[in-house]
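Visitor: I would like to learn how to read a few features of a protein model. Could you take me through them one at a time?

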Amino acid sequence: MNHEIRVRVRFCETDMAGHVNNTSYFIYLEEARGKFFQEVIPEELNSAGQFILASTKCDFVSQAYFGQELIVSSWVSHIGNSSFYFTHRIEAADTGERIADSEAVVVHFNYEAQKSETIPQHLRDALESHLVQN
């Protein structure tokens, strides 16, 4: 199941060419992951501080511009022992045009021990509810 957020492109997120600067997409993706954790992981599991971003990439397909509303769709595409993959798609809200595709690897992390840990079953269950096999 996809999780979606909407973002409106602010002027400060554009560059001299008039389109969204490449670094701004990573801000949109971070916001999408944060909202996913807030809305999908039950509050009593307190997901804050349990994950660390290990890797992220973004393929820019089309341009986006100031004032445009974008939809960022997110889903879990793979769950491993201690990590999982988010897949993201950014589209124009008005036309559905694909703007960007992204993937991020998130690790269940113990900050005190400074090492990855196995994803506990209760978190795995919450993640599996948004698992979409590509």
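**Reading the loop, the helix and the charges**

Guide: Start with Asn81, which is exposed at a relative accessible area of 53%. Keep in mind throughout that this is a predicted model.

Visitor: Where is the place of Asn81?

Guide: Asn81 sits in the loop between strand 3 and strand 4. Leaving out residues up to four places away in sequence, Asn81 touches Glu117, Thr118, Ile119 and Arg124. Distance in sequence and distance in space are separate matters: Asn81 and Pro120 are 39 residues apart along the chain, while their C-alpha atoms are 9.2 Å apart.

Visitor: Is Ser82 buried or exposed?

Guide: Ser82 is buried, its relative accessible area being 18%, and the cut-off for buried is under 20%. Ser82 also lies in the loop between strand 3 and strand 4. With neighbours within four places in sequence set aside, the contacts of Ser82 are Val106, Val107, His108, Ser116, Glu117, Thr118 and Ile119.

Visitor: How do I read a helix? Which residues of helix 2 are buried?

Guide: The general idea is that an α-helix has 3.6 residues a turn, so residues three or four places apart point the same way. In helix 2, which spans residues 121–128, the buried residues are Leu123, Arg124, Ala126 and Leu127. Viewed down the axis of helix 2, these buried residues fall within an arc of 160 degrees, so they line one face of the helix.

Visitor: What do the buried residues of helix 2 pack against?

Guide: Their packing partners are helix 1 (22–40), strand 2 (51–60), strand 3 (69–79), strand 4 (83–92) and strand 5 (98–110). Arg124, one of the buried residues of helix 2, is also among the residues that Asn81 touches.

Visitor: Next, the cysteines. How many disulfides does the count come to?

Guide: The test is whether two cysteine sulfur atoms lie within 2.5 Å of each other. Here the count comes to 0 disulfides. Cys12 is in none, and the nearest cysteine sulfur to it, that of Cys58, is 18 Å away. Likewise Cys58 is in no disulfide, with the sulfur of Cys12 as its nearest at 18 Å.

Visitor: How many salt bridges does the structure hold?

Guide: The structure holds 5 salt bridges. For each pair, look at the closest N and O atoms, then at the accessibility of each partner. Arg10 and Glu13 form one, with those atoms 2.9 Å apart. Arg10 is partly exposed at 49% relative accessibility, while Glu13 is buried at 5%.

Visitor: How far apart are the closest N and O atoms of Asp59 and Lys57?

Guide: The closest N and O atoms in the Asp59 and Lys57 salt bridge are 3.0 Å apart. Asp59 counts as partly exposed at 40% relative accessibility, and Lys57 counts as partly exposed at 42%.

Visitor: Which residues do salt bridges with shared partners join into one network?

Guide: Begin with the pair Arg98 and Asp101, a salt bridge whose closest N and O atoms are 2.4 Å apart. Arg98 is partly exposed, with a relative accessible area of 35%, and Asp101 counts as buried at 18%. Salt bridges that share partners join Arg89, Arg98 and Asp101 into one network.

Methods. Residues numbered from 1 in each chain as written. Predicted model: local features only at pLDDT ≥ 70, side-chain atom pairs only at ≥ 80, totals over all residues. Heavy atoms only, no water. Buried < 20%, exposed > 50% of the residue type's maximum accessible area, 1.4 Å probe, protein only. Helix = DSSP H or I, 4+ residues; strand = E, 2+ residues; numbered from the N terminus. Arc of directions from axis to C-beta. Contact = heavy atoms within 4.5 Å. Salt bridge = Lys/Arg side-chain N within 4 Å of Asp/Glu carboxyl O.
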